[in-house]
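These are my notebook entries from a first walk through a new structure. Have a look at it yourself, then follow along with what I looked up.

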Amino acid sequence: MVKHQALQVYEKQVFLSIVTGIYGCRWKRYQRSQDNSSKWECTWFIILCSSFVLLLFWAYFWLVAQNDFNDFNWLVFNGSGEWRDETIPILTSTTVGFIYITFLLILALFHISLGQQLNLFWVHKIGVLATLLTTISGIVSVDDIWQDEWDILLVSLQSTAPFLHLGALVTITAISWLVAGYVVRKQRSNFQVMVLVVYIIIHLALCLAPLTFTCPCIMDRNTLKPAPSIVGQRGAPMLAPENTMMSFNRALQHGASSLEADVTISVDGIPFLMRDWTLRRTTDVSRVFPSRQFEDASFFNWTELRSLNAGRWFLESDPYWTVQTLSVKDRSRIGNLTVCSLVEMLRLAARANSSALLNIRKPTPEHPRFRSWFMDTLWTLQKAGISQKRVTWAPDTDRGRVRGLQQAANEKLSLQEIRQRGITTLTLDYRKISLKDIQEYLASNVSVTVYTVNKPWLYSILWCSGVPSVSSDAPQILQKVPYPIWLMSRSAYNFIWITSDLVSLAVVMGIFFFQNYHMIRWRISGMQNYNPEQIMLSAVARRPSRNVNIMKEKLIFSELDNGLGSTEELCENGNMRYSQEGLS
């Protein structure tokens, strides 16, 4: 009597089914393959990797650019005329795209590690292309309207480079498992040698990357200078509407040592505080004077300006996402604010024993106060009763007529130009000044104020660089930074750097040795157990054809006839066996 038994038993491979199902919509066993991936699918894998790298760069850019979100929205407002927070859709789409591409890349790496053929589902191909094109269009748009912001990447690396280096080392070390498996497990080819060489070059470059780092916070703790003083730029605009009395009061309450304001001269000669050319963004001029909402703010008289509400826009637009943190009383006060005059701000600074930095917008030639704006401003300073030594004059005009006031410039100048103009303070964009520039200016007794500094990581870099003061929209945040975020001696960092490099190299060498040793043993043991037909079948296994299928059938029946050394390998469990006599 002949007993019938299944020749092969398939184990459930749930994890493999999930990986191949999500990545390539191949949920069934017969849909999967361990054949080499086609050149077309390899191309899609390269596109997927490129999308991930580009999105990683894009996400990092917006992560560090949070310091300047309000400036970005202000630039968009100047171009479109409508105020809206454009960062929200950008951050949302970037987050969703990054998660999606990262998930697909992880699935692709699982395919490679499990020896499965890459076969990206067509829906995912559309998604990858859409994400890639959206990211590229975003980069082009930012380069068009916000080109200067790219410099923040180099600035941020002064703080993040040591940590990014460690993260990159961990990543390249983990990838060595896939590289070793690809190089060792298959027969040698020129492409495999190229992959190995590229991997070695990248790894060595990462190991030596710290030689190029410039990190101010890698220094001796004993040489750390006092924390930079904080200048309230337009007050504390995260807590109250910019250039209002409530905003300046909040800045002083949160530790600001100086106040910075944007000054415009009204048509009747009253200096008032306004950043924009028009009143549309920060007042209700479109409701009170609808026919004049696009008119230059300097062509309004003081009575008209005082009739405008300068607080409701803040509650409605919530430019810094902080309105919900304010008390009901504060919101009520904000809703009743009006345009602030220069004399009010200067009197507040005088009472608080603080100083003031004035960015004055010179009237146009058509303005009635074009010839007298200078005297209007000086008369306001005298009326406020503030010491002239506490007022810094920023405009680069009429410097010869300004006596007793501190002279400031908003551009990077040579030391010779600074002496010729009588300038004592430079107010510079943090993206346009280097550590070397700061040291040269300070060595020549030129005070440096850096703007706009809103994030603790940037404040820490400038602190370690020795900057004496920073201009900020967020004095309430910087006040809570009692010490640089991180500070490390050169010897300590060198120890961490060299140790991490050596550990990474040791792990990579161990992985390559393990993969090679494991493969040699597998091949030797396989050669001992295989019969000639099995060896021939293995040699052509990746080229399926009708002859290969016939060879498989021959192999199965030859193993049945020969017993395969142990007939248990053909049984589903140990209780049912074929005997040599029964088979014959």
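I began with Phe15, which has 47% relative accessibility and so counts as partly exposed. The model is a predicted one, which I kept in mind throughout. What does Phe15 pair with? I found Phe110 there, in an edge-to-face aromatic pair with 5.2 Å from centre to centre and 90 degrees between the planes. Phe110 is partly exposed too, at a relative accessible area of 33%. Phe15 belongs to helix α1 (residues 14–24) and Phe110 to helix α4 (residues 87–113), so their pairing ties together parts that lie 95 residues apart in sequence.

Next I looked up a second pair, Trp373 and Phe374, which is again edge-to-face, with 6.1 Å between centres and 90 degrees between planes. Is Trp373 buried or exposed? Trp373 is at 3% relative accessibility, so I noted it as buried. I wrote down buried for Phe374 as well, at 2%. My search of the whole structure turned up 25 aromatic pairs.

I then followed the aromatic residues into a cluster: Phe57, Trp58, Phe61, Trp62, Phe69, Phe72, Trp146 and Trp150 form one. I picked Phe61 and listed its contacts, leaving aside residues up to four places away in sequence: Val142, Trp146, Glu149, Trp150, Ile152 and Leu153.

I went back to α4 for a closer look. This helix has 27 residues and reaches 38 Å from its first C-alpha to its last, close to the 39 Å expected at 1.5 Å a residue. Its buried residues include Thr87, Ile90, Thr94, Gly97, Ile101 and Leu105. What covers the buried residues of α4? My list includes α1, α2, α3 (69–80) and α5 (122–145). After α4 comes Gly115, with a positive phi near 75 degrees.

I also checked for charges over rings. Arg361 lies over the face of Trp277, 4.0 Å from the ring centre. Arg281 lies over the face of Trp313, with 5.5 Å to the ring centre.

Last came the cysteines. How many disulfides does a search of the whole structure find? It finds one. Cys217 and Cys464 form it, with their sulfur atoms 2.5 Å apart. The torsion about their S-S bond is about 95 degrees, so I noted the disulfide as right-handed. Cys217 sits in the loop between α7 (190–208) and β1 (229–233), and Cys464 in helix α17 (residues 456–465), so I had a link between distant parts of the chain, 247 residues apart. Cys217 is buried at 3% relative accessibility, and Cys464 is buried at 10%.

Definitions and conventions
Residues numbered from 1 in each chain as written. Predicted model: local features only at pLDDT ≥ 70, side-chain atom pairs only at ≥ 80, totals over all residues. Heavy atoms only, no water. Contact = heavy atoms within 4.5 Å. Phe/Tyr/Trp six-rings, centres within 6.5 Å; stacked < 30°, edge-to-face > 60°. Helix = DSSP H or I, 4+ residues; strand = E, 2+ residues; numbered from the N terminus. Buried < 20%, exposed > 50% of the residue type's maximum accessible area, 1.4 Å probe, protein only. Lys NZ or Arg CZ within 6 Å of the ring centre and 35° of its normal. Disulfide = S-S within 2.5 Å. Expected span 1.5 Å × (residues − 1).
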